[in-house]
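Subject: Structure handover and notes

Hello,

Here is the structure I said I would pass on. My notes on it follow below.

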Amino acid sequence: MKAKMSKWCEGERIRLADVVPLDTPISLLIEPSSVCNFRCFYCFHGNMQEEIKKLGHMNKVMEYSIFEKLIKDALIFPRQVKAINLSRFGEPLINKKITEMVYLAKSSGACNMVKIITNGSLLTPQLNKNLISSGLDVLRISIQGISEKQIFDTCGYKINFYEFVRNIEDFYKNRGNCKVFIKILDNIVSNETEKFYQIFGNICDEISIEHLIENKNYVAIKDKGKKELINMMGEKCDNVDVCSSPFYSLNIAADGSISPCCNDIEGKIIFGNVVENSLVDVWNSKKLNLFRVMHLQEKRYHHQVCGRCCAPTYTNQRYDNIDSVKKSLLKHYNT
């Protein structure tokens with residue numbers, strides 16, 4: 001197998017506790033589309049369709065003018081944003097302007113890297129060529145099965161598996177400087193891990209099998225040391241008090257609304273909209289700082305949204321843990 005065994009491109013991470021507070025977000029998570037063509041059983045797209053129909057922001061494809069505005073805003077930050085991640089709730093390749101978005105983000109100098117997280121089902125040789133030539137740095141593909149039947153059982157989507165693999169292979173062969181990262185959930189591949197590696201191990205740069213995390217597994221109280229916890233990377237971990245997302249990232253939904261993370265499906269935590277507000281102003285706003293203070297004071301366990309979220313403990317990497325500096329940060333954000 002050519003691919004390197006990896007954990008979410010682990011080598012790219014920095015220790016967040018060493019650099020916060022930040023005058024510029026490290027990353028921007030931008031949603032080209034909140035619409036998804038998959039209905040994966042473990043995702044709200046698969047089990048919350050009735051609720052999603054009632055949420056207008058969950059049925060949007062980002063207008064290119066909104067994307068232009070947020071890239072313009074990103075250029076105002078004191079430093080270059082490290083990464084723009086084109087993903088979030090939906091399938092980014094549904095947006096017909098996706099290659100133009102990659103090109104603008106990269107050529108503008110607003111960020112160092114542009115990444116896409118996709119299910120890979122819409123890749124074609126022509127789209128591959130366009131994405132690569134646009135300057136894409138990382139393509140992360142979430143595999144939902146190693147056969148047509150398994151993919152259908154996972155996400156209810158019929159696919160020609162042979163063409164699906166061929167399109168990924170085509171991207172990999174012509175990738176240039178773009179890194180291809182492939183991952184799958186452990187409960188999907190189960191006892192067929194070797195087959196997964198055989199199919200995909202030679203058509204990507206890095207490969208991973210991730211541990212499925214479900215909200216029902218989350219203990220929404222402070223319980224360090226009372227229970228053995230396993231994170232998404234399959235590592236033993238402690239419960240994390242402070243969610244690091246609002247300290248290093250901004251999320252921009254397809255309708256332009258700005259939030260601190262990608263786990264607020266209902267859109268209850270909104271700090272503004274890029275159409276009307278500057279990203280820089282939002283990043284430095286009193287409203288966002290008060291939200292940060294709430295986390296630093298360990299009040300997230302009682303928050304209407306954050307209290308139901310498993311991300312700080314189970315999906316963030318060890319590099320993102322800022323519990324050790326929460327006292328100094330509290331002094332900073334309380335001033």
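In which helix is Phe200 found? Phe200 belongs to helix α9. Please keep in mind throughout that this is a predicted model.

Phe200 is a buried residue, because its relative accessible area is 0%. Setting aside neighbours within four places in sequence, the contacts of Phe200 are Ile143, Ile146, Phe161, Phe164, Val165, Ile168, Ile182 and Ile207. Between Phe200 and Lys183 there are 17 places in sequence, and their C-alpha atoms are 9.4 Å apart in space.

Phe161, Phe164, Val165 and Ile168, which Phe200 touches, are among the buried residues of α7.

Helix α7

This helix covers residues 161–173 and lies across β5 (138–143) and β6 (179–185), at about 160° to β5. It has 13 residues, and the distance from its first C-alpha to its last is 18 Å, close to the 18 Å expected at 1.5 Å a residue. At the start of α7, a side-chain oxygen of Asn160 comes to within 3.1 Å of the backbone nitrogen of Tyr162.

Which residues of α7 are buried? They are Phe161, Phe164, Val165, Asn167, Ile168, Phe171 and Tyr172. These residues sit on the same side of α7, because the arc they cover around the axis is only 155°.

An open sheet is formed by 10 strands with mixed pairing, in the order β1-β7-β6-β5-β4-β3-β2-β10-β11-β12. The edges are β1 (4–5) and β12 (272–273); each has a single partner strand, so one side of each is left without a neighbour in the sheet.

Strand β7 (residues 206–210) has 4 of its 5 residues buried, so the rest of the structure largely encloses it. It runs parallel to β1, to which 2 bridges join it, with Met5 opposite Ile207 in β7. Strand β6 also runs parallel to β7, and 5 bridges join the two; here Leu185 stands opposite Glu210 in β7. Ile207 was listed above as a contact of Phe200.

Further along the order, β10 (residues 249–252) and β11 (residues 257–259) run antiparallel and are joined by 2 bridges. Asn251 stands opposite Ser259 in β11.

A loop residue

Is Ser244 buried or exposed? Ser244 counts as buried because its relative accessibility is 1%, and the cut-off for buried is under 20%. Ser244 lies in the loop between β9 (236–237) and α10 (245–248). Apart from neighbours within four places in sequence, it is in contact with Leu16, Asn316, Asp320 and Ile322.

The chain as a whole

The protein chain has 14 helices and 12 strands. Of its 335 residues, 56% are buried. Taking contacts between residues at least 6 apart in sequence, 74% join residues at least 24 apart.

Regards

Conventions: Residues numbered from 1 in each chain as written. Predicted model: local features only at pLDDT ≥ 70, side-chain atom pairs only at ≥ 80, totals over all residues. Heavy atoms only, no water. Pairing = 2+ DSSP bridges. Contact = heavy atoms within 4.5 Å. Axes fitted to C-alpha atoms, helices over the stretch in contact; angles between N-to-C directions. Expected span 1.5 Å × (residues − 1). Buried < 20%, exposed > 50% of the residue type's maximum accessible area, 1.4 Å probe, protein only. Arc of directions from axis to C-beta. Polar contact = N/O pair within 3.5 Å; in protein donor to acceptor, adjacent residues only side chain to side chain.
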